[in-house]
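Trainee: I would like to go through how the packing terms are assigned. Can we take them one at a time?
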Amino acid sequence: MNNFEPTIVAFCCHFCAYTAADLAGTMRLQYPPNIRIVRIPCTGKVDIRFLLEAFEKGADGVYVAGCLEGDCHYLKGNFRAKKRVALAKRILEDAGIGGERLEMYNMSAAMGPRFAEVAREVTERIRQLGPSPIKRAKSMAHSAKSKEQRAKSK
Amino acid sequence: MIIAEGKPIKEILAMIDAYDKIIVAGCKGCVTVCSAGGEKEVGILSSALRLARQTQGRSLEIKEVTLERQCDTEYLEPMREYADQYQAILSLACGAGIQFVAEKFRKHPVLPGVNTQFIGVTEEQGVWTERCQSCGNCVLDRTGGICPVARCSKSLFNGPCGGSKGGKCEIDPQVDCGWQLIYERLQELGQLEKLEIVLPVKDWSTSRDGGPRKRIREDLKI
């Protein structure tokens, strides 16, 4: 597991988080390449289905990054996202994926360093947690199958 | 409309444990309005079930479908095209819909994905409260449009009990006293004299207590 590179999807709102990501780039700040950014107009657009689908498609971790509370470009989108992320965390816990693999962050467009910090923090946390349980189960099934095949061919 | 709530995922997983190809059928009626079994909830539940199965190293194939309603034969027919390819149907409709699917699709185990709770209204987005218990003999004309069966915890018919305090019911400080509401409403309407009409002992045979009910309109039967 030492060489495990997590796949992380970040849903970033256009006005704050995505702009912060852009600023991090302009400032030439280093952050892990594991983050795949999905730009959305506002975190209020985030549907619980997107979050679950990301895990179904193989993400090891997901986060939603929006404007600072009170400063949402669309006024309350980030509050809606906060509640949806909270519910999605409970669903992921019940599904056996683990609610700690999903988180919500807030930042302003000027916070390039914060974007990079969050990217580092999330990558490290997910690295510690290991691959998504669906991958572990798949690889365990795969190694059990190859063990069986090796035993048969002997 | 009928208000329902999704069952816990763990309970549903136990129900579908024996199957690996199921239909998850939502309903565009009441359960969509109360966000318990509409298209979105079908999507969320199906994702969660697939993820849960994959963590166990097993697969689960789900056909996600949301029917117009599940309480009318015509609306269930579209499922017949593909139903035979699946082992069971997990329905997110209200209890009536789930049972109708079970009646019409006799070869399939039909499982409930929601708990059907009450007949109610949307007080605000995300908040639904009970208003009617379908007792079959409505007295709303005499109680200012507020139901003593559904909104009084004891279903009293002639005024509040001693537990009514500050307009709230003794069972829960957040539950309004139904009779306080009736009093205030009749006062608003200037019809307080209606409180002097004694509502007789209720004949519950028109309600659930009389057994499963049926209603027929002969003029509509083909």
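Mentor: What follows is a set of questions about helix packing and chain contact in this predicted model.

Trainee: Why is α1(A) called roughly perpendicular to α4(A)?

Mentor: Helix α1 (residues 17-26) and helix α4 (residues 112-129), both of chain A, pack at an angle of about 95°. Angles of 65 to 115 degrees count as roughly perpendicular, so α1(A) is roughly perpendicular to α4(A). Their axes are 7 Å apart.

Trainee: Which residues meet there, in α1(A) and α4(A)?

Mentor: From α1(A), A:A17, A:A20, A:A21, A:L23 and A:A24; from α4(A), A:G112, A:R114, A:F115 and A:A116. The residues of this contact divide into seven nonpolar, one polar and one charged.

Trainee: What residues make the contact of α5(A) with α3(B)?

Mentor: A:P133, A:I134 and A:A137 of α5(A), with B:L51, B:Q54 and B:T55 of α3(B). By class, four are nonpolar, two are polar and none is charged.

Trainee: How many residues does each chain bring to the contact between chain A and chain B?

Mentor: Chain B brings 15 residues and chain A brings 17. On the side of chain B that touches chain A, α1 (9-15) and α3 (39-55) each supply at least two residues. The most come from α3(B), with 10 residues. That side of chain B has six nonpolar, six polar and three charged residues.

Terms used:
Residues are numbered from 1 along each chain as its sequence is written. Chains are lettered from A and ligands numbered from 1 in the order in which they are written. This is a predicted model: local features need pLDDT of at least 70, side-chain atom pairs count only at pLDDT 80 or more; totals for chains, interfaces and linings use all residues. Two residues are in contact if their C-beta atoms, placed from the backbone, lie within 7 Å. Helices (H or I, at least four residues) and strands (E, at least two) are DSSP runs, numbered from the N terminus. Ala, Val, Leu, Ile, Met, Phe, Trp, Tyr, Cys and Pro count as nonpolar, Asp, Glu, Lys and Arg as charged, and the others, Gly among them, as polar. Axes are lines fitted to C-alpha atoms, for helices over the stretch in contact, and angles run from 0 to 180 degrees between N-to-C directions. Angles under 35 degrees count as roughly parallel, over 145 as roughly antiparallel, 65 to 115 as roughly perpendicular and the rest as oblique.
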